[in-house]
Amino acid sequence: MSPLVGRTALPKEQYSGSWVVSHLLADRAEKFPEKVAIYAEHENLTYSQLAQRAASFAGGLSQLGVAPGERVATMLPASTAYLTAWFGVVWAGAIDVPINNDFKGEFLRHILVESGAQTIVIDAPFMSRLD
């Protein structure tokens, strides 16, 4: 996974839509599909790519039964994969509960239980921390 090494501001065109992250991202993807939204060490994502990935991720959450307003725990390294997950959770209308990658064991279980998250998105190397 690639760490985040930079960022870009939104193009300076006036945005007149609803200030909902998924709406804003969809608007930028429509108006600036090839403009880079995320600069990362091993992969840059355009607004179009990010919107497509976020919408697909949101669709996957919906198929799992995640409803708007529900909490989704994420335990991922800082990467384009995490940002895709974050935008996907938001696109689905859910609430991201980011979990520190260093947590493990009873402390991790406590955080997961108390967060109210019914779903967790976790990178495979972190699975053993749930034991």
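Colleague: At roughly what angle do the axes of helix α1 and helix α3 cross?

Modeller: Keep in mind that this model is predicted. Two packed helices are described by the angle between their axes and the distance between the axes. Helix α1 covers residues 21-31, and helix α3 covers residues 80-91. Their axes come within 8 Å and cross at roughly 115°.

Colleague: How many charged residues does the contact of α1 with α3 have?

Modeller: From α1 come Val21, Ser22, Leu25 and Ala26. They meet Trp86, Phe87, Val90 and Trp91 of α3. By class, seven residues are nonpolar and one is polar. The number of charged residues in this contact is none.

Colleague: Is the ring pair of tryptophan 86 and phenylalanine 87 stacked or edge-to-face?

Modeller: This is one of two aromatic pairs in the structure. The ring centres lie 4.9 Å apart. Planes over 60 degrees apart count as edge-to-face. The planes here stand at 90°, so the pair is edge-to-face.

Colleague: Does phenylalanine 87 count as buried or exposed?

Modeller: Tryptophan 86, its ring partner, has a relative accessible area of 28% and is partly exposed. Buried means under 20%. Phenylalanine 87 has 18% relative accessibility, so it counts as buried.

Colleague: What is the centre to centre distance in the pair of phenylalanine 103 and phenylalanine 107?

Modeller: Phenylalanine 103 is partly exposed at 25%. Phenylalanine 107 is also partly exposed, at 46%. Their planes are 90° apart, and the pair is edge-to-face. Centre to centre, the distance is 4.7 Å.

Definitions and conventions
Residues numbered from 1 in each chain as written. Predicted model: local features only at pLDDT ≥ 70, side-chain atom pairs only at ≥ 80, totals over all residues. Heavy atoms only, no water. Phe/Tyr/Trp six-rings, centres within 6.5 Å; stacked < 30°, edge-to-face > 60°. Buried < 20%, exposed > 50% of the residue type's maximum accessible area, 1.4 Å probe, protein only. Axes fitted to C-alpha atoms, helices over the stretch in contact; angles between N-to-C directions. Helix = DSSP H or I, 4+ residues; strand = E, 2+ residues; numbered from the N terminus. Contact = heavy atoms within 4.5 Å. Nonpolar A, V, L, I, M, F, W, Y, C, P; charged D, E, K, R; others polar.
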